[in-house]
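Here is a structure to look through together. The questions ask how each label was reached, and the answers set the value beside its cut-off.

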Amino acid sequence: MYRSNTCGELRLEHAGQEVTLAGWVQRVRRMGGMTFVDLRDRYGITQLVFDEETDAELCARASHLGREYVVQATGKVRERYAKNDKMPTGDIEIVVERLEVLNQSQTPPFTIEENTDGGDDLRMKYRYLDIRREPVRRNLELRHKFCLEVRRYLDEQGFIEVETPVLVGSTPEGARDFIVPSRMNPGQFYALPQSPQTLKQLLMVAGMDRYFQIVKCFRDEDLRADRQPEFTQIDCEMSFVSQDDIITTFEGMAKHLFKTLRGVDLGDAPFLRLPWSEAMRRFGSDKPDMRFGMEFVELCDVLKGSGTFGVLNDAAYIGGICAPGCASYTRKQIDQLTDFVRSPQIGAGGLIYARVQEDGSVKSSVDKFYAPEVLDKLKETMQAQPGDLILILSGADAMKTRRQLCELRLEMGARLGLRDKNKFALLWVVDFPMFEWSDEEGRLMAMHHPFTSPKPADIGKLDTDPASVLADAYDMVCNGVEVGGGSIRIHDAVLQAKIFDILGFTPERAQEQFGFLMNAFKYGAPPHGGLAYGLDRWVSLFAGLDSIRDCIAFPKNNSGRDVMLDAPSIVDQSQLDELRLDLRPE
């Protein structure tokens, strides 16, 4: 056998035992006639000791070990003279009697340490080395435990896990598909699923009334820190349920996961439910970070037409936030905030600020345009206290300006240390609009997807005012991140056809793309609904990460490339010929 124990399990009670360990050489230290080797495996690190006086040849061999050599060592456990309370095995060491090098290693391109000297691109290229580091290994172990607890909870709730196909038909409505050519059906293509949405609805028609799946999904989208071209969903669907039933079930799952994996008790009270319109008005986001306040205050009534500053007088929306204790900000700090909101990513025209002095007076960047009484009214409306800093944005597009103000709020929250990764604020955002207008398409688009049911009270508006219809949809938000979302689905073929019509589908196109679903509805589809959680986002939140990449074993970079496998890549012309594909030159 290669090992009797792992490198993380030996303790003082094992002193005197002969053991065999196998693993990777973390580091070698030579001290006089002694050589110390830290041996690492997935479970931890154990110190190996070689004594020149006992076995000079063995000690010499140990001193020439390189980093990441794979070795096997046999010896006796003894109590360490100089203990290390920073590692679980720090009370013991192994006095080695036999050493075998199982494999040598080149010097790795970066240090295999908790705080490595490797940059992101280098670590992604050698991801199999990066995974040896404790932080990455710990994240993958957390992901494993997360999946176990999800399965345990859903199994106890009567759910059954069902696998759905990976090669499906293309559904252009939504994000871009990854398409796969079919050799046996020339000129035709599969798509990789953006989600198993229609398939899980068919499972409801099939009577599998509580389904879940931890499933890979694929979307050909522009990337960011919380988005990958392939990602993993906890996909769920239930029959004979209302929105309340689904929310209650999955609040229970969230509470179970926090308690078992983070030791955080979220209590018995239900999560806040915030209508979409209120979330946008108060926070400028449909995924508001509720760990801190700094809510928007609309200021048109206070500032528009009350002075001679044309920018505000011409604005459709004026909003402000109050940053507590920030009146002491220097001009340099104010300029940094101004540059932040003017950056191409935010796109605001400028920033107005007002300091509330210790004596209660207000000093602002627009003093010359407004009488002191107006600035006093601004302070009262903002409920600002002495020492507070008021930050104001305005614009011709209310929705766009709110989103810009949202980014400023998040930036101030980060600067003030209010976005604590060990604090969790969960809520549901509900009552989304059913449709949103697309200037690019020149038509209404489904805000979620075309299978979402309207609120029952709004179905009558579909013929007269579809833009005002609310969806029976809901998103779960944690710390400003949408971790999951879903809806009550349409289960009636006539209503589904009406929604397709509003979305600009001809009856022929609807039948071509989704006829299988509408036909299934004719055979007794039950009322049903569900949601999907983003597993990668959940795990990254639990691990306190800024990006989902470090909780994925082999992620893509920001360009959607796998730099380790060098994918995507060019394929041989013979493969293209077999698929009857020609590439068009750029």
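Q: What is the handedness of the crossing of α6 and α15?
A: In this predicted model, the crossing of α6 and α15 is right-handed. The label right-handed goes to a near helix turned clockwise from the far one by less than a right angle.

Q: What makes α6 oblique to α15?
A: Helix α6 covers residues 243–262 and helix α15 residues 535–543, and they pack at an angle of about 40° with their axes 12 Å apart. Angles under 35 degrees count as roughly parallel, and 65 to 115 as roughly perpendicular. The angle of about 40° therefore makes α6 oblique to α15.

Q: Which residues of α6 and α15 meet?
A: From α6 come Ala-254, Leu-257, Phe-258, Leu-261 and Arg-262, and they meet Trp-538, Leu-541 and Phe-542 of α15. Sorted by class, the contact of α6 with α15 has seven nonpolar residues, no polar ones and one charged residue. Arg counts as charged, while Ala, Leu, Phe and Trp count as nonpolar.

Q: Why do residues three or four places apart in an α-helix point the same way?
A: An α-helix has 3.6 residues a turn, so residues at that spacing point the same way.

Q: How do you know that α15 is largely enclosed by the rest of the structure?
A: Count its buried residues: eight of the nine in α15 qualify, so the helix is largely enclosed by the rest of the structure. Buried means under 20% relative accessible area. The buried residues of α15 are Leu-535, Asp-536, Arg-537, Trp-538, Val-539, Ser-540, Leu-541 and Phe-542. Just after α15, Gly-544 takes a positive phi of about 70°.

Q: What makes β12 and β15 edge strands?
A: Their sheet is open, has five strands in the order β12-β13-β16-β14-β15, and is paired in the antiparallel sense. Strands β12 (297–298) and β15 (362–364) each pair on one side only, as edge strands.

Q: How do you know that β14 and β15 pair?
A: Pairing calls for at least two bridges, and β14 (residues 352–356) and β15 have three, in the antiparallel sense. Val-356 stands opposite Val-362 in β15.

Q: How many helices and strands are in the protein chain, and what share of its residues is buried?
A: The protein chain has 16 helices and 22 strands, and buried residues make up 48% of its 586 residues. Its C-alpha atoms fill a box of roughly 90 × 75 × 60 Å along the principal axes.

Note on methods. Residues are numbered from 1 along each chain as its sequence is written. This is a predicted model: local features need pLDDT of at least 70, side-chain atom pairs count only at pLDDT 80 or more; totals for chains, interfaces and linings use all residues. Side-chain values use heavy atoms; hydrogens and water are left out. Axes are lines fitted to C-alpha atoms, for helices over the stretch in contact, and angles run from 0 to 180 degrees between N-to-C directions. Helices (H or I, at least four residues) and strands (E, at least two) are DSSP runs, numbered from the N terminus. Angles under 35 degrees count as roughly parallel, over 145 as roughly antiparallel, 65 to 115 as roughly perpendicular and the rest as oblique. Contact means heavy atoms within 4.5 Å. Buried means under 20% relative accessible area, exposed over 50%, partly exposed in between (1.4 Å probe, protein chains only).
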